[in-house]
Amino acid sequence: MRITDAKVIICSPGRNFVTLKLITEDGIHGLGDATLNGRELAVASYLSDHVIPLLIGRDARRIEDLWHYLYKGAYWRRGPVTMAAVSAVDVALWDIKGKALDVPVYQLLGGASRDGVLVYGHASGTDIDDTVRAVAEYARLGYKAIRAQSGIPGLESTYGVGRGKMYYEPAEKDAPVENAWNSELYMNFVPRLFERLRKEFGSDLHLLHDVHHRLTPIEAARLGKELEPYHLFWLEDPVPAELQESFRLIRRHTTTPLAVGEVFNSIFDCQQLIQEQLIDYIRTAVVHAGGISHLRKIASLAEMYQVRTGCHGATDMSPVCMAAALHFDLSVHNFGIQEYMHHSAETDRVFSHSYTFADGMMHPGDAPGLGVDIDEKLASNYPYRRAYLPISRKLDGTMHSW
Ligand code: EZ4
Ligand code: CO
């Protein structure tokens, strides 16, 4: 089953997406997400200029071999651009294999380990009352797990706090937004937010919080400790994780579960975190950590060390990535939770998909392959616009953090 054609589709229905489409000699096509938020065109060029010429004529059935061919063959191993490109090829090949064998991808991954995939939604507000209202809305929609982020009194704007109610979009057009940051204001505020949320919603709802790499290890240790009475499902990205051993310090001080890894691109980024049991959830995403094939290896390592998965699923993971994540989540034994931010209506129109949400759970559906497609004609109505993730500065102007 030779690959005869391939193209990179760049579009912006609500936000930017890069999608790889591989076509085989028997007319089957497969899709892979290659979106790297804020650096999209670098991956698009990597695929068009360097990878696609190598794929034409190759056997689409040899997923594992092609993965190593691209990973080792690059010589320059790892890195977010390379790994997003490798991931796109890998996922498109799993999609093709599923379609060729007429089964949903999760059946190729060992079958379902559970009936559905627990997901968490994003509730955010400008202050505590507003955040309580947003959490109530998610609870009303059936979510069993909700991430809560709030504006911080004294800081003008805060990363991760949405303007819409159902989802937020951190990337902004033209140039990065600059947010103000102050760790003292933040650390004094967050425990009050969760104290109030537990008072309003009781102890059964899963509550999560994302620090977006803003603290030092000792600050994160203090925050984790002060949040202990409110039993968070997890505290995410408390510190930047280039220095994996820094999590030893946090771990010594708090029983608040820790989740890390949305910016990781390979198993080597989380090897120490997993093997020393410094984290509870590994958040690597299909699109950014080498596709379904590599994510399964990360999950297998994590399983040995009693670490569960919690894949990144913000709006910059396209519906193609979301579908792939759900097949992975449904099948992998040590699944923990899946992040799910609704895509905009325009995104959903361009990417039709068979995955569904009901009662706080999702299912990838039983369509052959990933169960997702792209309407290329419609996609062409939404041209790419350069956009960047925000940066943050301390109140004296210093770039934050580390
Ligand atoms: O910052 O998706 O947990 N979710 C997040 C997201 C990420 C963006 C980066 O592209 O932290 O908001
Ligand atoms: Co995050």
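Predicted model: local features only at pLDDT ≥ 70, side-chain atom pairs only at ≥ 80, totals over all residues.
Residues are numbered from 1 along each chain as its sequence is written, chains are lettered from A and ligands numbered from 1 in the order in which they are written, and side-chain values use heavy atoms, with hydrogens and water left out.

**Backbone particulars**

By that scale, glutamine 277 is partly exposed, with a relative accessible area of 37%, whereas histidine 213 counts as buried at 19%. Neither residue is a glycine, yet each has a positive phi, as the table sets out. Helices (H or I, at least four residues) and strands (E, at least two) are DSSP runs numbered from the N terminus.

| Residue | Phi | Location |
|---|---|---|
| Histidine 213 | about 60 degrees | loop between strand S8 (206–210) and helix H7 (217–227) |

A nonpolar core is taken here as a set of buried Ala, Val, Leu, Ile, Met, Phe, Trp, Tyr and Cys residues joined through side-chain atoms within 4.5 Å. The largest such core has 129 residues, and those that touch the most other members are Leu22, Leu47, Val89, Leu93, Tyr186, Phe194 and Phe247. Helix H3 (residues 80–101) gives the most to this core, with 11 residues. With contact meaning heavy atoms within 4.5 Å, valine 89 is in contact with Leu20, Leu22, Leu47, Val51, Leu55 and Leu70, once its neighbours within four places in sequence are left aside.

H3 also packs against helix H10 (residues 291–304): their axes come within 6 Å and cross at roughly 100 degrees, where axes are lines fitted to C-alpha atoms, for helices over the stretch in contact, and angles run from 0 to 180 degrees between N-to-C directions. Angles of 65 to 115 degrees count as roughly perpendicular, under 35 as roughly parallel, over 145 as roughly antiparallel and the rest as oblique, so H3 and H10 are roughly perpendicular to each other. On the H3 side, Met83, Ser87, Asp90, Val91 and Trp94 meet Gly291, Ile292, Ser293, His294 and Arg296 in H10.

**Cobalt site and a buried glycine**

The protein donors of the cobalt ion (ligand 2) are Asp210 (OD), Glu236 (OE) and Glu262 (OE), lying 1.9 to 2.1 Å from it. Donors are N, O and S atoms within 2.8 Å of the metal (3.2 Å for Na, K and Ca), and water is not among the atoms, so sites may look incomplete. Along the chain, the donors follow the spacing D-x25-E-x25-E. Glutamate 236 lies in strand S9 (residues 234–236) and glutamate 262 in the loop between strand S10 (258–260) and helix H9 (271–275), 26 residues apart. Glutamate 236 counts as buried at 0% relative accessibility, and glutamate 262 is buried at 13%.

Glycine 310, in the loop between strand S12 (308–309) and helix H11 (319–331), is buried with a relative accessible area of 0%. Not counting residues up to four places away in sequence, glycine 310 touches Trp234, Ile282, Arg283 and Ile337. Glycine 310 and valine 119 are 191 residues apart in sequence and 9.1 Å apart in space, C-alpha to C-alpha.

Terms used. Buried < 20%, exposed > 50% of the residue type's maximum accessible area, 1.4 Å probe, protein only.
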